[in-house]
Amino acid sequence: MSEPTRRMPNPTITPEGHWEGTIVFTPEAMNTRALFMLPKGDVVPVILVPGIMGTNLRAKRNPIVNRKRDERNNALLPGEAAWRAPNTVKEKVNEVRTWQKRKARIRQQILDRETLEVDETGEIILPPDAGEHGLTEATSRPQGWGEVHADSYGQLLAQLECHLNQTFDFNDYTKEREIRRRWKEVMHCDPAQWGVRSIPPLTEDELVKHARNYYPVYACGYNWLDSNWESSKRLEQRILDILKFWTDRREKCKQVILVTHSMGGLVARACAKRIPDKIAGIIHGVMPALGAPAAYRRIACGTESTSPSRTSTLDKQAMEGFATIAGPTTEDTTAVLATAPGPLELLPNQLYPKPWLHVGVVTPAHGNQGSYRSILSLPPADETPYALYADWTSWYRVINPALADPAGKYGRAKGTVETAIRDALDSAQRFHMLYVRDFYHPNTYAFYCTDSANMTFGEVRWTAREQHGSGTVLTPANVKQAQFFGHTATGGRKVMIEGATELHFEPEEQDIAGDGTVPPQSGAGPGGKVKQLFETRGYDHQGAYNHKSMQLLTQYLIAKIAQEL
């Protein structure tokens with residue numbers, strides 16, 4: 001048996017439950033053997049649930065059009081791509097140029113949640129050695145990989161597909177079983193890379209139990225502009241469809257494992273609350289469990305383009321590029337997000353430590369930079385933050401209804417866009433206070449990042465420089481009641497105090513170590529409610545699953561979950 005062996009694409013299963021593989025005829029002189037890897041044991045699907053902006057969206061291909069409902073997108077043709085996060089440097093440059101030209105009106109029309117659907121035709125990026133593991137685009141696209149951002153999730157999907165189902169090798173010389181290299185890396189990973197001093201290592205016996213199952217890897221995107229409660233229904237249906245797919249083919253398949261990123265964790269928690277018995281376990285990565293002040297900052301001021309921890313030219317260019325695409329001004333972000341329940345569910349919820357919104361002034365002093373004086377802190381400890389979000393008159397409001405409908409979708413009648421905003425905020429409040437609250441699946445693990453190289457908004461601070469001789473004594477009452485009269489070029493607010501004193505309040509920079517988006521106050525939210533929580537470092541929010549240590553941790557946790565099947 002010394003002939004060379006060539007790994008063939010993974011076989012597919014027929015409706016009758018038979019495995020089929022495809023080979024090609026070759027000349028007799030070619031003596032390469034074809035190798036097919038046949039799954040064995042129970043089927044335990046692993047499903048990735050991406051974060052906000054991590055799902056490709058398109059205009060609905062078959063929009064409903066009648067007197068009560070019009071799902072046509074006013075800026076795109078049916079089936080045309082609405083949102084595809086770029087994967088390469090060239091794509092990023094092109095996307096920046098494209099979104100630079102799109103004013104708030106066009107942004108609102110393109111990213112109109114009621115006219116969009118998940119686009120499964122996105123790019124799939126496979127590693128160079130994919131063929132050695134039998135992985136092809138033809139096998140991965142039916143599993144939903146094209147629904148999600150390839151640059152953020154392609155590595156994880158491929159790593160899991162290649163390694164979860166290949167645990168051991170057979171040594172032709174020793175005639176003994178050997179643990180594959182990737183699993184050895186998991187077993188010997190320094191626990192410090194996972195943010196813990198020690199952790200029970202995977203044993204060979206546990207790997208044997210893990211290897212008794214087959215783990216096909218799926219992705220499930222969702223319309224991230226819609227409520228996470230609605231998105232959870234799509235995930236639920238996908239889970240039921242996958243389980244049915246395998247049981248119809250005479251395979252034992254009773255539960256799935258969910259791996260989530262960011263807002264996908266909220267989607268998965270809502271889904272697990274309804275069908276906990278269909279889920280063997282969940283791994284949450286960088287989930288904004290309690291929301292994130294960055295959501296307030298981005299709607300109120302536009303997407304930040306600077307950070308005190310991002311000082312290199314490349315980092316600055318990357319942040320500026322993302323801000324251009326996501327919306328650099330409050331006019332751009334409000335037009336899209338003010339009536340979108342999903343993004344509004346990322347605002348700090350009722351469990352986020354209060355107060356987190358602060359207003360202060362710097363009083364000039366001779367010979368130094370001046371002294372900071374705090375004047376106002378919100379929300380009050382005895383109130384939920386939803387009263388703050390529903391306040392559309394204060395100068396520090398998160399939503400300005402006058403900016404929410406530049407395309408005229410809701411008509412010019414008074415109160416129509418306000419109703420849409422109120423409905424979206426009510427949906428966000430119901431999601432956190434009624435549907436999810438502090439629920440977690442009983443077999444849950446979570447990790448988050450606290451890295452000084454990725455400063456994050458733990459709080460939002462509006463700061464103005466007080467002028468000498470203004471004549472007005474600033475108090476919480478008159479600052480709270482100040483009249484807004486315009487924006488600054490940097491996303492700040494111009495206000496008039498008691499009709500006499502003009503102040504320019506600017507948002508301060510990120511204030512706490514995190515991942516650039518989710519602060520530790522929120523990332524640590526699952527603490528005490530999950531099996532284990534990992535405080536990690538070394539990556540930014542979007543790149544969490546591109547970090548090798550997090551890939552190894554995910555593989556480790558899947559194997560641990562498999563012990564309870």
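Thr339 lies in the loop between α11 (330-337) and α12 (341-344); helices (H or I, at least four residues) and strands (E, at least two) are DSSP runs, numbered from the N terminus. The model is predicted: local features need pLDDT of at least 70, side-chain atom pairs count only at pLDDT 80 or more, and totals for chains, interfaces and linings use all residues. Residues are numbered from 1 along each chain as its sequence is written, and side-chain values use heavy atoms, with hydrogens and water left out.

Thr339 counts as buried because its relative accessibility is 10% (buried means under 20% relative accessible area, exposed over 50%, partly exposed in between; 1.4 Å probe, protein chains only). Its side chain makes a polar contact with the side chain of Tyr410, at 3.4 Å. Such a contact is a pair of N or O atoms within 3.5 Å; within protein, one must be able to donate a hydrogen and the other to accept it, and residues adjacent in sequence count only if both atoms are side-chain atoms. Not counting residues up to four places away in sequence, Thr339 touches Arg113, Tyr410, Ala420, Ile421 and Ala424 (contact means heavy atoms within 4.5 Å).

Glu320 lies in helix α10 (residues 313-326). Glu320 counts as partly exposed because its relative accessibility is 43%. The C-alpha atoms of Glu320 and Thr303 are separated by 9.0 Å, and the two residues are 17 residues apart along the chain.

The largest nonpolar core has 92 residues. A nonpolar core is a set of buried Ala, Val, Leu, Ile, Met, Phe, Trp, Tyr and Cys residues joined through side-chain atoms within 4.5 Å. Leu235, Ile239, Tyr296 and Phe505 have the most contacts inside the largest core. Helix α14 (residues 416-436) gives the most to this core, with 7 residues. A second, separate core has 49 residues, including Leu48, Leu160, Ala219 and Leu553. Leaving aside neighbours within four places in sequence, Phe505 is in contact with residues including Val359, Trp395, Trp462, Val479 and Val495.

An open sheet of 6 strands has the order β11-β5-β12-β13-β16-β23, with parallel pairing. Two strands pair if DSSP finds at least two bridges between them. The edge strands are β11 (217-219) and β23 (532-536), each pairing on one side only. The twist averages 15 degrees from one strand to the next. Strand β16 (residues 444-449) pairs with β23 in the parallel sense over 5 bridges. Phe447 stands opposite Phe534 in β23. Helix α17 (residues 548-562) lies across β5 (46-49), β12 (256-261), β13 (279-285), β16 and β23, running at about 160 degrees to β13. Axes are lines fitted to C-alpha atoms, for helices over the stretch in contact, and angles run from 0 to 180 degrees between N-to-C directions.
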